[in-house]
Amino acid sequence: MHLIIDGYNLLHVTRTLTQLSSTELQWERDRLINQLSAYRQLKSYEITVVFDGWQGGWSTEKKERKKGIDLIFSRLGEKADEVIKRLVKEKGSGAIVVTSDREVSTYAERMAAAVIPSDQFKEKMERSDLQIEKGFEEELEEERGFKRKGPSRRLSKKERRLKAALKKL
C-alpha cells in the first residue's frame with residue numbers, strides 16, 4: 001500500500017501556517033516527517049509527501065528521501081495538487097490519498113483510490129504514537145452505532161473504501 005500525503009494540507013490540520021517564517025515552516029515539515037517516519041516503522045507502508053513549491057520553489061520538481069519518507073516539492077508554477085493527481089494516476093487503486101482538498105479527493109475517488117481526510121489521518125497517526133508509547137499493538141478501531149444488515153443498509157462504495165483504508169492504517 002502506498003500513502004500519498006498532501007503535506008501542507010496535513011500540517012494545516014493543527015495550526016495555520018500562513019504567519020510562519022521559512023525556518024519555522026522547515027521545523028514544522030521536519031516534525032511531520034519524524035511523525036510519519038515513526039508511523040511508517042509501525043505500519044511499514046510506502047509514504048510519499050508532496051509539498052507545494054509553486055510560489056517559491058525550484059524550476060524543476062525536487063525529490064528527496066528523509067527517514068524512509070519520499071518527499072516531493074512541486075516545481076515553480078505547479079501546485080502540489082497536480083503532482084498528487086499524477087501520482088494517483090500512476091498508482092491507481094493501490095494508493096491511499098491523505099488530503100482535505102475537495103478537487104484532489106474527487107479525482108482520487110474517480111481513479112478508485114481511497115481518500116482519507118487529513119484530520120482523520122492525523123488522529124490515526126496520533127493513536128499509533130500512543131500505541132508505541134504504551135507498548136501494545138492492538139487496533140483501536142471502534143465500531144460506532146449498530147451493525148447494519150442486508151443490502152438496503154449497505155454503505156456506499158465511497159464509504160466502504162474509506163472504512164477499508166482506515167482499517168489498514
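**A walk through the fold**

Author: Happy to! Of the 169 residues in the protein, 39% are buried. Keep in mind that this is a predicted model.

Reader: Thanks! How many helices and strands does the protein have?

Author: There are 6 helices and 6 strands. Along the sequence they follow the pattern β-α-α-β-β-β-α-β-α-β-α-α.

Reader: And in what order do the strands sit in the sheet?

Author: The order is β3-β4-β2-β1-β5-β6, in an open sheet of 6 strands with mixed pairing. At the edges are β3 (62-66) and β6 (114-116), each of which pairs on one side only. On average, neighbouring strands of this sheet are turned by 20° against each other, ignoring direction.

Reader: Nice. In which sense do β1 and β5 pair?

Author: Parallel: strand β1 (residues 2-6) and strand β5 (residues 95-98) share 4 bridges. Leucine 3 stands opposite isoleucine 96 in β5.

Reader: Which helix lies across β5 and β6?

Author: That is helix α6 (residues 157-168), and α6 runs at about 70° to β6.

Reader: Let's switch to the inside. Which residues have the most contacts in the largest nonpolar core?

Author: Leu3, Ile5 and Phe121, in a core of 25 residues. Helix α2 (residues 22-43) gives the largest share of this core, 4 residues. Apart from it lies another core, of 15 residues, including Ile4, Val50, Ala95 and Tyr107.

Reader: Why would such residues gather like that?

Author: In soluble globular proteins, nonpolar side chains tend to be buried together.

Reader: Back to leucine 3, then. What does leucine 3 touch, leaving out residues up to four places away in sequence?

Author: Leucine 3 touches Tyr39, Tyr45, Glu46, Ile47, Thr48, Ile96, Val98, Phe121 and Leu169. Ile96 is the residue that stands opposite leucine 3 in β5.

Reader: Now a charged one. Is aspartate 81 buried or exposed?

Author: Aspartate 81 is buried, yet has no salt bridge. Its place is in helix α3 (residues 80-91).

Reader: What is aspartate 81 in contact with, neighbours within four places in sequence aside?

Author: Asp6, Asp101 and Val104.

Key: Residues are numbered from 1 along each chain as its sequence is written. This is a predicted model: local features need pLDDT of at least 70, side-chain atom pairs count only at pLDDT 80 or more; totals for chains, interfaces and linings use all residues. Side-chain values use heavy atoms; hydrogens and water are left out. A nonpolar core is a set of buried Ala, Val, Leu, Ile, Met, Phe, Trp, Tyr and Cys residues joined through side-chain atoms within 4.5 Å. Buried means under 20% relative accessible area, exposed over 50%, partly exposed in between (1.4 Å probe, protein chains only). Helices (H or I, at least four residues) and strands (E, at least two) are DSSP runs, numbered from the N terminus. Contact means heavy atoms within 4.5 Å. Two strands pair if DSSP finds at least two bridges between them. Axes are lines fitted to C-alpha atoms, for helices over the stretch in contact, and angles run from 0 to 180 degrees between N-to-C directions. Lys and Arg count as positive and Asp and Glu as negative; His and the chain ends are not counted. A salt bridge is a side-chain nitrogen of Lys or Arg within 4 Å of a carboxyl oxygen of Asp or Glu.
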